[in-house]
Amino acid sequence: MAITDLPTFVRADGPDKVTGSGRYTADMTLTGMLAAKFRYAGVSHARITKLDVSAAKAIPGVFAVITADDVPDVRYSYGIADRTLFAKGVVRYDGEVLAAVAAISPEVAQRAVDAIVVEYDELPIVTDLEAAVADDSPLVHDDLDGYAITGDTPHHGNVGTHSSIEMGDPDAAMAAAHTVVSSRFVADASHAVPIEPRAVIAQWEGDKVTIWTSTQVPFDARNGVCETLEMPTTKVRVIVPHVGGGFGGKCGPHYEPHIAALARAAKRPCKLVFSRWEEFTAPDRRREGMIVDVTTGLDAEGNIVARTGELLLDNGAYMADSSFFAQAAAMHVAGPYTIPNVRIDAQLVYTNHQPSGSVRAPTAPQGCWAVESHTDELAAAIGMDPLDFRRRNIVRTGDVGPTGQTYEEIGLDRCLDMAAESAGWGTTELPDDEAFGISIGWWPSFHMPAGAYMKMHADGKVQVITGANECGTGSVMTLRMLAADELGLDQTDVELVYQDTAAAPDGPGASGSMTLFNHGRAVEKAAKEIAGQLRELAATKLEASAADIVLADGAASVAGTPTKSVPIVELAEAAAEGELLLGSGSTDELEWPEIKGSSCLGEQGFSSFMAPQFICHVARVRLDKDTGVARVLEVHAVHDSGTILNPVAAHGQVEGGILMGIGQALTEGTQYDETGSQRNAALLEYKLQTIADAPEIHTQFVEIHTPNAGPKGAKGLAEAPNVPTAGAISNAIAALIGRPVRQLPMTAERVWSTIAEEVTA
Amino acid sequence: MSTDINAIELTVNGVPYPVAIDTSRNLSGVLRNEIGLTGTKEGCDDCECGACMVLLDGQPINSCSYLAVQAQGREITTVEGLADGDELHPLQRNILATGGVQCGFCTPGMLMSAQALLDRNPDPSLEDIKIGLSGNLCRCTGYARILAAVDATAVELRGTSDS
């Protein structure tokens, strides 16, 4: 492994994390702190006829028990405001919170939870996606139009968002096509599974609340508290200690409002720490199950001339941040191909499952797995090598994509070529039980407003005050490098103040691969302000023009005359006695790429991709046909994520994303019983990949100039590696057994059954 | 509710701690809440994730599923006991250098499993390391850099002991 070739990356939070001195939320204790526990619905769909907490309240050591009656009557969520903090009237999934208890110890809190009396009238449970969209299906929500609805969110019956992308005349083109292939793929739901279960602590002082929480998005968490508890922004402070992984699972406000309300009622600080079972079953952050029906028409040369698709996505009981999922999934099923005639219809369907929400590249791994497996079926139908088929059909610089977006400089063709070469596609002799599979994918970068403050102290040291949130990726750590580069300092001269909504300007936090792309641009602007001040000070001192001052290696010097120089610390010292060195920055709005010739129903911001990232993964897989057990031996990954500023962190994202992708491909599927409850809410039953499962991973980056990119040409990166891995593994398995496995995860049982079907056929 | 409180002494990282605890308490909870060493993490409370791994007389155990009272009279080592004062243990230094730390939540348990492995096998193959760490889940890294860090540490420590 070429780790030693990579430049040194100083992980400022590293020593904390390896010595055990770093504090995560669950590690904290406040004076007088009580244990918080929730009472969950325990049934998937029912009308509440009785909810009696009096016996729970009477238990000695119980300080508060709260329900929907104890918080403002606010319905909230993105897109469709369909939910309340505590169940009100009807419960719609088994992990829905009915009540919260604060008690002197976790044991007493649990006794109180058990003493809450709830009675129900059961309602019909909706779990099957196809049945859920039928006209006669029972409804998860009786009256969606009774909720506040924002954005372009077409809805009816159990369909929360109906989205489509359409271009050209797919029916005519399909009718005229030389070869037509139709496929169906079904993906199970899955989970983010951060190793740290979430935790929340809330403490009131007067009318202000401070909340420590394991969130990826501190400002969203704060806004969620403000909205649901009807509080002004200035009264809620969210502080995020170290976060033990997120992967999207800790996006959105989760239980901050509940614990804030509980602590207010108990008049004591309260602490919630989730068990693994709760982490699996309760939060609104499950990766959605999906049914993909896709048909593609080819001309005689193997060019894609038309594609149609129908997608059903399992939204679960409530909208988390999922209103964009239908359109995002449609984009992935269209794929990064030149397709002149497209119609993809996607419906996000309410069920009585746990709600779906953003998990690392939401909708993409399943959509990509389906369409890339389908792509190999297309290649097979015309006897073309899968690599050649993709070379013929992918989008390249200047091409028009499936929604009419014209791509400026992109590197997908290079991703494909480099991954194939790295793997030895077509040249490496493999044993009979091994095969390569190839898959491509894409993912956008997102613009969101973000700000940064910065100050340089008298000793020349710099503090960056940022709303960015470090959940492990290292991208927040990269912000130091950006500031140091602008100021001519070493990154160790720069200290981060982060994860505190009272201190930092707002921003998206760790979501949507947005840290570097947005918070990075803000940090650059703030640093440029201080750099400008330093240049003015140096110009006066060195009797030169400020425009000629260069900041490098801890000194300000005159360009071309390195002997005329002054240490930056000297300038900082002087400034501390006069005008202070302070900077601030906010992201400039970026222009969203234009789309032409397509129409999109349910527009949710995914019909064009800003600074798009492209990926190609080639997986080498060994299959035991007697047992159906597939083992991934190698993954060759090539990414176009623009400039790579922090190679150690970038490689880490790709490697971690691939392992997560292998899990989703082979072992990670959420299983439900007939009542809508998860059957495998534990790590022995829901299997993550271990170190013994990890393949060799060979990663390369295509670093090309990208218009509209982030700092120094960087795009996002954290989600993209999770997109195509399952597709590559699927195609390797299909190459070995002659047909794709049509269900995700492709468990040994499903692989074996697919082999058996072929034998029977 | 049980009221079976025992006054016992636990020796952690060479320091004796008198504690009064219910017999049913698990070791990870006592380390974190009574003794105040929160480096040991709890990820599943079911021996599935390895975040709570500590050494008991040098043997790695999931402290979430081990009764604290059973650890009486034995030497408990946690992640806080790895460094020599301000000097990081080579495992700690190398896992940072290779990029084997991201969110850091699995790191303490991973380090303890690695320490136990190197104590019993100073010259492990990559396969040995994989087996030694297979009880520790990491969701962030893809493991390659953790593997490289343990391998590098084995080489480094053998070099030190040879000289």
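Trainee: What is the strand order in the open sheet of four strands in chain A?
Mentor: In this predicted model, the order in chain A is β18-β27-β28-β29, and the pairing in this open sheet is mixed.

Trainee: And which are the edge strands there?
Mentor: Those are β18, residues 434-445, and β29, residues 696-701, both of chain A, and each of them pairs on one side only. Ignoring direction, neighbouring strands of the sheet are turned against each other by 20° on average.

Trainee: In what sense do β28(A) and β29(A) pair, and over how many bridges?
Mentor: Strand β28(A), which covers residues 629-640, pairs with β29(A) in the parallel sense over six bridges. If you want a place to look, A:H636 stands opposite A:H698, the latter being in β29(A).

Trainee: Switching to helices, at what angle do α10(A) and α17(A) pack?
Mentor: The angle between α10(A), residues 364-381, and α17(A), residues 725-737, is about 35°, and their axes are 8 Å apart.

Trainee: Is that crossing left-handed or right-handed?
Mentor: Right-handed, as α10(A) passes α17(A).

Trainee: Which residues meet in that contact?
Mentor: From α10(A) there are A:P365, A:C368, A:W369, A:E372, A:S373 and A:D376, and they meet A:A726, A:G727, A:S730, A:N731 and A:A734 of α17(A). By class, the residues of this contact divide into five nonpolar, four polar and two charged.

Trainee: OK, what about the largest nonpolar core, how many residues does it have?
Mentor: It has 291 residues, and those with the most contacts inside it are A:A36, A:V101, A:L262, A:C415, A:I729 and A:I733. The helix that gives the most to this core is α14(A), residues 515-542, with eleven residues. As general background, nonpolar side chains tend to be buried together in soluble globular proteins.

Trainee: What is A:I733 in contact with, leaving aside its neighbours within four places in sequence?
Mentor: With those neighbours set aside, A:I733 is in contact with A:V621, A:L623, A:A630, A:V741, A:M746 and A:V751.

Trainee: Last topic, how many residues does the contact take from chain A and from chain B?
Mentor: It takes 47 residues from chain A and 45 residues from chain B. On the side of chain B that touches chain A, the helices α2 (90-98), α3 (107-120), α4 (126-132) and α5 (144-162) of chain B each supply at least two residues, and the largest share, five residues, comes from α5(B).

Trainee: And how does that side of chain B divide by class?
Mentor: The side of chain B that touches chain A has 25 nonpolar, 13 polar and seven charged residues.

Key. Residues numbered from 1 in each chain as written. Chains lettered and ligands numbered in written order. Predicted model: local features only at pLDDT ≥ 70, side-chain atom pairs only at ≥ 80, totals over all residues. Contact = placed C-beta atoms within 7 Å. Nonpolar A, V, L, I, M, F, W, Y, C, P; charged D, E, K, R; others polar. Axes fitted to C-alpha atoms, helices over the stretch in contact; angles between N-to-C directions. Left-handed = near helix turned anticlockwise from the far one by under 90°. Pairing = 2+ DSSP bridges. Core = buried A, V, L, I, M, F, W, Y, C linked by C-beta atoms within 7 Å. Buried ≥ 20, exposed ≤ 12 C-beta atoms within 10 Å, placed from the backbone.
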